[in-house]
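Please read the sequence alongside the model. The paragraphs below go through backbone geometry, helix packing and the nonpolar cores in turn.

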Amino acid sequence: MLESPKFIENDLYNGSHAFTWLADMVGFSVDLVNFLICQISALFLASLFRSLLHPSKVSSKLRHTFALSMGLAFGYFCFGQQAIHIAGLPAICYIVIRTQDPRIVQRAVLLVAMSYLLCVHLMRQLYDYGSYALDITGPLMIITQKVTSLAFSIHDGFVREEEDLTKAQQYHAIRKMPSALEYFSYVWHFQSILAGPLVFYKDYIEFVEGYNLLKRPASNGSLDNGKTELVLEPSPTKTVIRKVIGSLVCAFIFMKFVKLYPVKNMKEDDFLENTSMAYKYWYAMMATTCIRFKYYHAWLLADAICNNAGLGFAGYDKDGNAKWDLISNINVLSFEFSSNMRDAINNWNCGTNRWLRTLVYERVPKRYGTLLTFALSAVWHGFYPGYYLTFATGAVTVTAARMGRRLFRHRFQSTQLTRMFYDILTCLITRIVMGYATFPFVLLEFMGSIKLYLRFYLCLHIISIVIIFILPQFIRGERSARSSKNGENVAANARVRDSSPTSVPLVATAALAGSNDLNEDEDEDKHAKSKDNTPQQLFTEQQQQQQKEQQNNVLLQPRPQPSNHPQQQQKQPQQQPQPKSPKPPTNARDAISVPHDQCEMDQLSSKLKEKFEAETKNIEEFIDKTVTDTVSGIVEFKNDLMRDIEFPKLKLPSGSTITAPLDAAAASVGLRKRNTSSVHENGQRAEAPGGGSADHAAEENSAAFLKKEIEVINAVVQQANVLPAVLSNGHAK
């Protein structure tokens with residue numbers, strides 16, 4: 001029968017045994033009880049450190065002294081005499097930092113720290129092989145990260161040029177040697193002495209001196225009149241509560257399920273011989289998942305301690321909310337639901353990932369980056385064979401995942417349903433691969449891991465090798481399809497150019513194709529930012545491109561007058577000859593991938609926008625010309641009326657009257673007839689009031705009527721001048 005685990009007392013534990021009675025009461029080992037007591041105490045001390053020892057109340061020296069003193073006290077309480085290593089490793093490294101040339105100090109510190117750490121790892125394997133009891137190697141691994149990152153930051157700040165550094169290296173570069181107090185406070189501060197996370201030296205010094213909390217939110221970036229704004233210190237209370245609750249949930253899950261899936265059962269012959277392959281695989285997945293929740297508990301609690309002290313503030317997001325994820329070590333949901341190995345690795349032990357990237361990945365030739373990064377990570381963990389099996393398997397599976405993504409991902413991007421199916425499928429595959437690759441990490445033993453791998457028939461190793469070396473010979477990947485399609489597009493554009501005088505030159509098209517060939521995605525992040533076109537979508541895109549070129553030809557022709565046959569003007573664009581549309585691609589290999597800013601929907605929206613702007617411009621020109629002609633006619637008519645009023649009427653012998661300006665005679669006579677018809681109902685001349693002649697009264701009535709007509713025309717002209725701008729704004733919206 002499979003035996004459930006028990007929390008057995010470790011006789012080789014050198015820490016305090018003062019709380020053995022509590023360990024017996026709750027059923028935990030004394031080392032685990034000591035760890036929990038120190039972390040809970042650190043959580044409350046962090047609150048006091050942020051409030052009573054605030055940078056505005058005490059000096060930075062007092063904060064440094066308190067932090068390192070409590071860190072040493074916690075170290076001695078948990079590890080007893082082994083705490084000498086906590087003091088020995090950083091002391092030796094500090095001597096190296098102060099005595100060695102900055103040009104080689106980073107290599108010297110890395111060699112000394114890793115040698116010291118490996119010696120302690122080897123000693124532990126000799127006297128306590130395979131034990132999960134709390135020992136000194138955990139804090140020494142964190143201290144090694146701190147001293148080596150500090151040495152590389154000193155090298156970057158004192159030796160290397162600014163333009164040779166990456167953005168992260170520029171930020172962390174140190175141009176002032178740390179004092180002994182600053183150095184040992186950084187190494188021993190109580191917030192991260194037991195379980196991390198890694199804090200870079202510059203971030204820690206800014207935290208102690210209080211500069212990290214002076215970052216302004218994004219919404220307060222611009223101030224008026226040069227006034228200084230009071231920056232309120234963000235409160236980490238909500239974040240701390242959330243992380244503490246998450247830590248307790250993870251601890252409960254670990255304690256509940258670890259007894260159902262103990263790791264040591266995977267070494268038993270009964271498990272290997274009398275269980276099916278499917279059950280073995282399920283058991284390996286569940287056992288590694290349960291162990292992960294132990295790490296989740298420790299990292300979330302350690303992160304809450306740092307945040308409660310004010311450490312880990314990363315500024316504000318775009319909405320002005322405070323972010324406390326500067327030194328977060330784990331993203332639980334992002335890791336558990338990651339859709340590829342790269343995302344899973346980036347969300348697991350984030351502090352160690354930042355350390356490995358800073359020390360190795362960004363400083364070695366790119367083709368060796370992944371291999372050397374995994375190698376340093378394995379050595380840093382120790383000499384257990386299971387570590388090396390895990391990292392070797394991880395390197396192979398990560399490479400296979402990248403190749404498989406390039407071969408298959410673009411084939412699932414045609415619709416939303418296929419994209420969702422691809423994401424779910426890759427998430428499940430990532431979970432399977434994660435269990436397959438990580439069970440040696442918790443099993444530790446070489447032969448036990450090899451036996452279980454043989455029971456799995458090395459299936460994922462074989463599949464990974466096939467994906468890396470064999471499938472690319474038979475299946476065209478994303479970049480190959482794009483390159484082939486670019487060549488076809490060049491030929492198609494050449495044919496279109498021959499039939500259309502306004503098409504893009506072949507040289508520009510060929511240059512665009514060449515630039516697409518050079519745009520290789522080295523990271524999977526670039527793959528995630530691209531979308532793919534199906535053959536039907538590509539066919540539609542080519543049709544839209546030809547229609548756009550035809551529309552450009554129409555717009556370049558002389559525009560007909562709006563007053564002459566408006567119906568012919570509307571039909572004219574439809575009478576242009578249409579070139580023959582190309583046949584749609586017939587196979588899936590014609591599908592290509594384009595950058596996100598050139599994907600199908602963005603291209604369609606851009607073309608619709610251009611067409612809409614062109615039509616809007618045509619409408620505005622038509623309105624401007626129509627209104628201009630109308631207004632000019634009205635103005636001329638107004639001028640004629642004004643001249644009719646200003647010049648006196650001339651009496652002809654026959655009794656009829658004409659105006660002095662001959663060109664306005666017809667208009668004035670017409671208006672007089674309107675006035676006369678409105679005044680004389682029976683067609684007879686009326687006598688003017690006051691005994692005046694009928695002709696004089698008619699002239700006065702005509703003048704009053706003309707003034708009213710002119711006022712109306714002025715209003716019409718004013719509205720006509722405003723109309724084009726209003727219509728233009730309306731179309732723009």
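Predicted model: local features only at pLDDT ≥ 70, side-chain atom pairs only at ≥ 80, totals over all residues.

In the loop between which helices is the place of Leu-444? Leu-444 sits in the loop between helix H18 (416-443) and helix H19 (446-455). Most residues other than glycine have a negative phi, and most peptide bonds are trans. Leu-444 is not a glycine, yet its phi is positive, near 70 degrees. With a relative accessible area of 5%, Leu-444 is buried, the cut-off for that class being under 20%.

Leu-458 also has a positive phi, of about 50 degrees, and is likewise not a glycine. This leucine lies in the loop between H19 and helix H20 (459-474). Pro-197 belongs to the loop between helix H8 (180-188) and helix H9 (201-209).

The protein has 28 helices and 4 strands. It has 733 residues, and buried residues make up 42% of them. Of the contacts between residues at least 6 apart in sequence, 71% join residues at least 24 apart.

Helix packing comes next. Two packed helices are described by the angle between their axes and the distance between the axes. For helix H4 (residues 84-99) and H8, the axes come within 11 Å and cross at roughly 140 degrees. An angle over 145 degrees would count as roughly antiparallel, so H4 and H8 are classed as oblique to each other. Their crossing is right-handed. On the H4 side the contact involves Ile-86, Ala-87, Pro-90, Ala-91, Cys-93, Tyr-94 and Ile-97, which meet Ala-180, Tyr-183, Phe-184, Val-187 and Trp-188 in H8. By class, this contact has 12 nonpolar residues, with no polar and no charged ones.

The second pair is helix H15 (residues 350-361) and helix H16 (residues 366-381), whose axes come within 10 Å and cross at roughly 125 degrees. H15 and H16 are therefore oblique to each other, and H15 passes H16 in a right-handed crossing. H15 contributes Thr-352, Trp-355, Leu-356, Val-360 and Tyr-361 to the contact, while H16 contributes Gly-369, Thr-370, Leu-372, Thr-373, Leu-376, Ser-377 and Trp-380. The contact of H15 with H16 divides into 7 nonpolar, 5 polar and no charged residues.

The last topic is the nonpolar cores. Which residues touch the most other members of the largest nonpolar core? In this core of 76 residues, they are Ile-86, Val-109, Val-147, Leu-150, Tyr-183, Phe-190 and Tyr-204. Helix H2 (residues 30-51) gives the most to the core, with 9 residues. Ile-86 and Tyr-183 are also among the residues in the contact of H4 with H8. Apart from neighbours within four places in sequence, Phe-190 is in contact with Ala-42, Leu-45, Ala-46, Phe-49, Phe-66, Ala-67, Met-70, Gly-71 and Phe-74. A second, separate core has 43 residues, including Phe-271, Tyr-296, Tyr-384 and Val-433.

Definitions and conventions:
Residues numbered from 1 in each chain as written. Heavy atoms only, no water. Axes fitted to C-alpha atoms, helices over the stretch in contact; angles between N-to-C directions. Helix = DSSP H or I, 4+ residues; strand = E, 2+ residues; numbered from the N terminus. Parallel < 35°, antiparallel > 145°, perpendicular 65-115°, else oblique. Left-handed = near helix turned anticlockwise from the far one by under 90°. Contact = heavy atoms within 4.5 Å. Nonpolar A, V, L, I, M, F, W, Y, C, P; charged D, E, K, R; others polar. Core = buried A, V, L, I, M, F, W, Y, C linked by side-chain atoms within 4.5 Å. Buried < 20%, exposed > 50% of the residue type's maximum accessible area, 1.4 Å probe, protein only.
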